[in-house]
Amino acid sequence: MNLYRIGELAKAAGISERTIDYYTKLGLIHPEKRTLKNYRLYSHETLDTLKRINQLKQEKYTLEEIKDTLERWKSVAEDAEVTDKLTKLEIQIQQLERDVKELNPLLKDLKPNQARAVLTNILPKGAACIESLQILLNQFTPM
């Protein structure tokens with residue numbers, strides 16, 4: 001298992017050692033173990049978690065929201081690939097919500113034939129997206 005000292009982890013994640021200290025104090029990340037000299041050692045999974053945290057921060061999540069999200073995902077699956085895909089999906093959904101809010105006033109100003117053309121283009125993709133989300137949700141919710 002490849003373990004990182006705090007400086008190595010900071011460099012690999014592109015953040016400061018101070019940020020790693022702060023995230024550790026908040027409970028967002030945890031050292032895998034400590035050396036005899038009491039240095040904290042972090043796993044590669046921690047590096048993945050830091051990348052997820054950075055993605056969520058870019059999407060304007062607060063650190064408390066990020067902590068809740070990470071805890072929720074950990075309770076769902078320990079598999080890093082599943083957690084990574086959930087992170088990306090949640091970010092995409094947030095971005096779609098913002099895009100829809102921005103587009104709504106613009107769509108109201110379109111002429112009827114322009115609005116029809118826009119809807120004709122996005123309707124099949126939107127329906128496919130909704131259907132995919134329904135399939136995903138139906139796998140985990142009782143009917």
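Is E59 buried or exposed? E59 is buried, with a relative accessible area of 16%; buried means under 20% relative accessible area, exposed over 50%, and partly exposed in between (1.4 Å probe, protein chains only). The legends below concern a predicted model, in which local features need pLDDT of at least 70, side-chain atom pairs count only at pLDDT 80 or more, and totals for chains, interfaces and linings use all residues. Residues are numbered from 1 along each chain as its sequence is written, and side-chain values use heavy atoms, with hydrogens and water left out.

**View 1. The chain as a whole.** The secondary structure comprises 6 helices and 3 strands, where helices (H or I, at least four residues) and strands (E, at least two) are DSSP runs numbered from the N terminus. Along the sequence, these elements follow the pattern β-α-α-β-β-α-α-α-α. The radius of gyration is 20 Å, well over the 15 Å that the globule rule gives for 143 residues, so the chain is more spread out than a compact globule; the radius is taken over C-alpha atoms, and the rule is 2.2 Å times the number of residues to the power 0.38. Along the principal axes, the C-alpha atoms fill a box of roughly 70 × 35 × 25 Å. Buried residues make up 22% of the 143 residues. Of the contacts (heavy atoms within 4.5 Å) with a separation of 6 or more, 56% are between residues 24 or more positions apart.

**View 2. The three-stranded sheet.** The open sheet has the strand order β1-β3-β2, with antiparallel pairing. β1 (4-5) and β2 (33-34) stand at the edges, each with a single partner strand, so one side of each is left without a neighbour in the sheet. Two strands pair if DSSP finds at least two bridges between them. β2 and β3 (residues 40-42) pair in the antiparallel sense over 2 bridges, and K33 stands opposite L41 in β3. Strands of a sheet pair through backbone hydrogen bonds, either parallel or antiparallel.

**View 3. N38 in the loop between β2 and β3.** N38 is found in the loop between these two strands. Its phi is positive, about 70°, although N38 is not a glycine. Most residues other than glycine have a negative phi. N38 counts as partly exposed, at 49% relative accessibility.

**View 4. A12 in helix α1.** A12 has its place in helix α1 (residues 6-13). With a relative accessible area of 41%, A12 is partly exposed. Not counting residues up to four places away in sequence, A12 touches Y4 and L47. A12 and H44 are 32 residues apart along the chain, and their C-alpha atoms are separated by 9.9 Å.

**View 5. E59 and K60 in the loop between α3 and α4.** K60 lies in the loop between α3 (44-58) and α4 (63-76), and E59 also has its place in the loop between α3 and α4. E59 is buried, whereas K60 is exposed, with a relative accessible area of 70%. Leaving aside neighbours within four places in sequence, E59 is in contact with I91, Q95 and R98. K60 has a positive phi of about 75° although it is not a glycine.
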